[in-house]
Amino acid sequence: MTRQKYQLVCGMEIHAELKTNSKMFCGCKNDPFHAPKPNIYTCPVCLGLPGALPVANKRAIEWTIKLGLALDCKINLFSKFDRKHYFYPDLPKGYQISQYDLPFCYDGKIDTEHGPVRIHRIHLEEDTGKLLHKTIDDKSVSLIDFNRSSVPLVEIVTEPDIVSPEHAAVYARKLRTLLRYLDIANCDMEQGGMRLEANVSLRPNDKTTLPNYKTEIKNINSFRFLEQAIAFEIKRQAGILDSEKTVRQQTRGWNADKQATYPQRSKEDAEDYRYFPDPDIPPIRFTAEQIKLLRNKLPKLPDTLLKRWHSEYSLPHKLTAEVLTTAASGALYEKLFQTAKKLGIPANKLLKNILSKKITAPDQKSIEQTISEYQNQTQSDEVDSKQLKSMVKQILLDNPDIAIKYFQGQKQIIGFAMGQAMRRLPKNSDPVQVRAAILAELENKK
Amino acid sequence: MKNLIQHLAQLAALEISDSEVPKYQAQLTDIFEHMDQIKQLDLAAIAETFRTTEEENVLRDDIVTPSLSQAEALQNASLTHDGFFVVPSVMKDKDAT
Amino acid sequence: MLLELSIDELAARLRKKEITIEQLVSESIDASLQENEKLNCYISLRNKKDVLKEARQKDLEFSVDKPKLYGIPFSVKDSYVTKELPTTSGSAVLQNYHSPYTATVVKKLQAAGAILIGKNSQDSWGHGGSSENTDFAVVKNPNNLKHIAGGSSGGSAAAVAAHLVSFSIGEDTGGSIRNPASMCGVSGLKVTYGRVSRYGTIAYASSLDTVGPIANSAADLALVLETIAGADPKDSSSSQRPVDTYTKTLTQQISGKKIGLPKQFFGDNYNPEVRASVLAAVEKLRSLGLETVELDMPVLDYAIPIYYMIAASETSSNLARYDGIRFGTGRDKFLPESTRRIMLGTYALSAGYADELYKNGQRARTLLINSYEKAFKNCDVIITPTSPSLAQKFGELLTNPIENMLADLFTVTCNLVGIPSIAIPVGRSKDNLSIGMQIMGKKFAESSILNIAHIYQTTTQ
């Protein structure tokens, strides 16, 4: 009931680690999740040793721009890195190299089935080390591993456009699909390769101004938790507002066991990051031509392909989204569907067989292999030709329009006849055989 | 001002004892006053200069170069355990679910 | 003493087999060990056995085509990380810190065959102009042991002045090479920002820090600069410009060049002996055919607040890494001078003040740059005293934070603007204390100021 009285105002901040070979500001290997030992991918730069200096990774910057262009962002032709200061044991320099007032990308947009979400900005920064908490010799300690220190991290910040918990989850999922599709991030949620943060507040339904408070829910590591946490916050905040109290500006975490958010260290008062431009890193300047070049290199985006596959091959998004994981897979399946169409193989069936693992997916071997397996499989379901012939005769009798239209030149009517026949036949019947039978019967009528 | 000294010390992770506060307070007041001279300049329409290097776009290719060994990384640490750096637990102020 | 000779002369004698590297290095390490007892100019010295072993090996490998620095003993300020010796930056925070890598400048010198003898005392973190702000023993001025050696690279200047090494690498953020060079009566070069790689230099203020040599003459400085200058892929702020051959242009004709004299730096508000000596040196240059022109640069009056606003802001950030976790002892070990600078910088950058303080500092820096650009339209170099005072007695600066700041008045603007400047000795006071003059040049015009300094030095000797 509270949901009717208040409206959700929600924006998100999502961090994703880029999968470059080397780290953001040094040549150490960027592979924190597979490192066999702690502190083996470190150097003076990412350990923040005295005298060390950062040198920015060109590919990480290009990938950030690539993501920005895919999200319809504007690109700052002049940009720079800034230092963001705070003390924490996993932050070796006492500051994080990030971007303050000139992020690489800003003002973008992404459409979702629950409505559009505007992108406020995308900036590039470095990740921190990783803390582990243990008891050693009866003392609680934190262990630090800097293998992750200075791994490139993009932060995608939205406008407060998210209207429901479902909307948030759909947006976050879609962003992950895009990051993977562009082949710039693995987004391993469990390992922390993608981290979700939602800023949640409520306003009365009749208001359009932004609420004067927000609750940040931090470190959410699954889409389901994201949805649950926002839903919980809506209830919690509505309860507070109903009792005419004010909601505290706070950082909260999500406890999945208790199915509740809980207040985290309220460091808001102390937060003063003292940003200033990092004097160690010269600014970055792009020309409009360079951006145009990067734009041209962008692959066909998932939304464009999904739409095309729907209109061209009548493939529902639900199926195609599963195989559209990278730009490379997009191109491969596009080719597969084209080949199938030429051979008269229905794309829908072909894809269903691939997804149910009845036949080998094209990225495992080849398009040819997939097609031939499909053909072999459907051949084994050959229909008895006498039975088929009499059935087709009956269909043409019941639907005299088919023959009329066919002879008028409307060859696509075959599709309708096919549909009628296939419905009466067992699953996996060979459509090539059925089609041939219909054509033969029509020729007989001539 | 006393609060300011303590606030700055906290931001900078410096420990300044109560007995030291008056000394720093007096010295920093003098220094802040000296700094205030800048206010006499008309800076409204002036752009900042953050660096004097003329370089731009100095970037490195995404190539992996050798790291330090674990022993080298840890060699100057006061406390280590099993290849990790060790600090007193930070769990108190940062919750993990 | 061999180490009183120029590097050129030493290189010539090595080639003529009149001396050996072992002889030279042995003199250096012996004198260093002995004099350090008195001068405290080193924080750490290499083991004599190791140094002599290296020297003998170099004697074996010596050939006439080796670089001139081959076999020449040198030292570095303890703000450069080296694998060989501990690196402390003059602070107990880094007591016994052993760097797993070596600074680019040291690597380049070692690649040219120069032999590292030891690491010099300094004001901790570069914070100071007297080398008294240290957790180690305080450097004494070789000219008068009751006086400071200047700072922050006091140990480097003292080691060169006492002829313990042929040259030393100092670090200059607001005058830290030029000020002690002036007080110890030796030559020091602050380079154009980015001319020498900062990789492996413990940062004081990153947009102001420069790496440069201290030596007995402009000619020696030119030789060292040729070796250490140049782009470094590990320092993205290092300049990609090609490096000049500074030794080739030392003896160029200088008559007709114009010297600018900013009237703001020739007032009567500082030591009259200093002013008189510098004006006499300018007169000498006029007699060599140079012209002078008076400059009016009102923004120079604001140099100190502009410098401290920026330097303190950056140092509060650069010193944030000293948390005692991965190395070092912890933040409770900073001395009061560094604590003040960290607090000032934290204040200047903090929410609500950053625009008025830090950013206004950077805006005022633009005015300074504009003022210098305009000045250099009317002159080739600018000459000022190096320090407004003679070397003080111990304790005089340390107890007075504001006085300590004002000691940098003539030197800080070069760092804010990014231009090079050479400090050379031009006389002695009644009390036999050295007086220095600095010649500032346009960006990357090191060859021009080395040239004028060299002609001055060779004609006044």
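Into which domains is chain A divided? Select chain A and colour domain 1 (2-289), domain 2 (299-379) and domain 3 (385-445) separately, keeping in mind that domain bounds come from an automatic or database domain assignment. This is a predicted model, in which local features need pLDDT of at least 70 and side-chain atom pairs count only at pLDDT 80 or more, while totals for chains, interfaces and linings use all residues. Residues are numbered from 1 along each chain as its sequence is written, and chains are lettered from A and ligands numbered from 1 in the order in which they are written.

**Chain A: between two domains**

Show domain 2 and domain 3 of chain A together, and their C-alpha centres lie 26 Å apart. The contact between them takes 4 residues from domain 2 of chain A and 5 residues from domain 3 of chain A, where two residues are in contact if their C-beta atoms, placed from the backbone, lie within 7 Å. On the side of domain 2 of chain A that touches domain 3 of chain A there are 1 nonpolar, 3 polar and no charged residues; here Ala, Val, Leu, Ile, Met, Phe, Trp, Tyr, Cys and Pro count as nonpolar, Asp, Glu, Lys and Arg as charged, and the others, Gly among them, as polar.

**Chain A: a sheet and a histidine**

Next, select the open sheet of 3 strands in chain A, whose order is E6-E5-E16 with antiparallel pairing. Helices (H or I, at least four residues) and strands (E, at least two) are DSSP runs, numbered from the N terminus, and two strands pair if DSSP finds at least two bridges between them. Strand E6 (95-98) and strand E16 (276-277) of chain A stand at the edges, each with a single partner strand, so one side of each has no neighbour in the sheet. Strand E5 (residues 82-85) of chain A is joined to E6(A) by 4 antiparallel bridges, and A:Lys84 can be found opposite A:Gln96 in E6(A).

Then move to A:His167, which is found in helix H3 (residues 165-181) of chain A. Is A:His167 buried or exposed? A:His167 counts as buried because it has 22 C-beta neighbours inside 10 Å; a residue is buried if 20 or more other C-beta atoms lie within 10 Å of its own, exposed if 12 or fewer, and partly exposed in between, with C-beta atoms placed from the backbone. Leaving aside its neighbours within four places in sequence, A:His167 is in contact with A:Thr112, A:His114, A:Gly115 and A:Ile162.

**Where chain B touches chain A**

Strand E2 (residues 56-57) of chain A and E1(B) run parallel and are joined by 2 bridges, and the bridge partner of A:Asn57 in E1(B) is B:Arg60.

**Where chain C touches chain B**

Now show chain C, of which 46 residues are in contact with 36 residues of chain B. The largest share of the side of chain C that touches chain B, 11 residues, comes from H11(C), and by class that side has 22 nonpolar, 17 polar and 7 charged residues.

**Within chain C**

Select helix H7 (residues 218-228) and helix H14 (residues 446-460) of chain C, which pack at an angle of about 150° with their axes 8 Å apart. That angle makes H7(C) roughly antiparallel to H14(C). Among the residues that meet are C:Leu221 and C:Leu225 in H7(C) and C:Leu450 and C:Ala453 in H14(C).

Finish with the backbone. Most residues other than glycine have a negative phi, and most peptide bonds are trans. C:Gly151 and C:Ser152 are joined by a cis peptide bond, with omega about 5°, and C:Ser152 has its place in the loop between strand E3 (115-120) and helix H5 (154-161) of chain C. C:Asn40, although not a glycine, has a positive phi of about 55°, and C:Asn40 counts as buried, with 21 C-beta neighbours inside 10 Å.

Note on methods
Axes are lines fitted to C-alpha atoms, for helices over the stretch in contact, and angles run from 0 to 180 degrees between N-to-C directions. Angles under 35 degrees count as roughly parallel, over 145 as roughly antiparallel, 65 to 115 as roughly perpendicular and the rest as oblique.
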